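Student: Could you take me through the surroundings of the ligand in close detail? I would like one connected account.

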Amino acid sequence: MYEFKDYYRNTVQLSFEKHPFSQKPKHVWVICRYQNQWLLTNHQDRGYEFPGGKVEPRENAEEAALREVKEETGAAVRKLTYLGQYKVLGREKVIVKNIYFAEIDKIEKQDTYYETKGPVLLKDLPEDIAKNRKYSFIMKDSVLTISLDKLKKEGMV
Ligand code: GTP
């Protein structure tokens, strides 16, 4: 288990075990790969981030992951792989989020991208994300760096 502070100095716990913090997490985050590029969304308030969001009452976490990727980028997922889970001990509440890795088939233009400005494709993620104003706070802690290291180590990217 890893423990570190996020952008807002909240404590975050991260693990690659199978559902270490909750069997029914209420949030999902999806690291997306399309034709050797990273697929992100441009959130209207937060900036560039991998897609994700809340699990709705009548769906499970995997269904939420597929839906959020579609809504925020227009992408259809070919293969979704559970990677890990993290817990954010916020001032007001504790949230648990599943991390997935998604291999994308195709990206289709959407009429709406909900609270985002739609898909963003990047060959490489910049070195300075933690200081880069274009990027969302959820990309600014070790969840991203440790997850990317894990994907590389597993030969998935
Ligand atoms: P509502 O319940 O709709 O009001 O949502 P909310 O604005 O309270 O946000 P949410 O429940 O999604 O998250 C609550 C808090 O958890 C946020 O304000 C963040 O501080 C934190 N949080 C949510 N997602 C992440 C994440 O991916 N990474 C980190 N580090 N913190 C997160």
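Tutor: Happy to! Keep in mind that this is a predicted model. The ligand is surrounded by D6, N10, H27, K54, Y86, V88, K93, I95, K97, F137, I138 and D141. For Y86, an N or O atom of the side chain is 2.7 Å from an oxygen atom of the ligand. K97 has a polar side-chain atom 2.8 Å from a ligand oxygen, and for K93 the corresponding distance to an oxygen atom of the ligand is 2.9 Å. On its own, the ligand has 630 Å² of accessible area, and the protein covers 61% of that.

Now let's turn to D141, which is one of the residues around the ligand. D141 sits in the loop between β9 (116-122) and α2 (142-153). D141 is buried, yet it has no salt bridge. Its nearest side chain of opposite charge belongs to K97, 8.8 Å away; a salt bridge would need a side-chain nitrogen within 4 Å of a carboxyl oxygen. What the side chain of D141 does reach is the backbone nitrogen of V143, at 2.9 Å. Setting aside neighbours within four places in sequence, D141 is in contact with F4, K5, D6 and Y7. Among these, D6 also belongs to the set of residues surrounding the ligand.

Notes
Residues numbered from 1 in each chain as written. Predicted model: local features only at pLDDT ≥ 70, side-chain atom pairs only at ≥ 80, totals over all residues. Heavy atoms only, no water. Helix = DSSP H or I, 4+ residues; strand = E, 2+ residues; numbered from the N terminus. Buried < 20%, exposed > 50% of the residue type's maximum accessible area, 1.4 Å probe, protein only. Lys, Arg positive; Asp, Glu negative; His and termini not counted. Polar contact = N/O pair within 3.5 Å; in protein donor to acceptor, adjacent residues only side chain to side chain. Contact = heavy atoms within 4.5 Å. Near = heavy atom within 4 Å. Areas by Shrake-Rupley, 256 points an atom, 1.4 Å probe, with all protein chains shown as cover.
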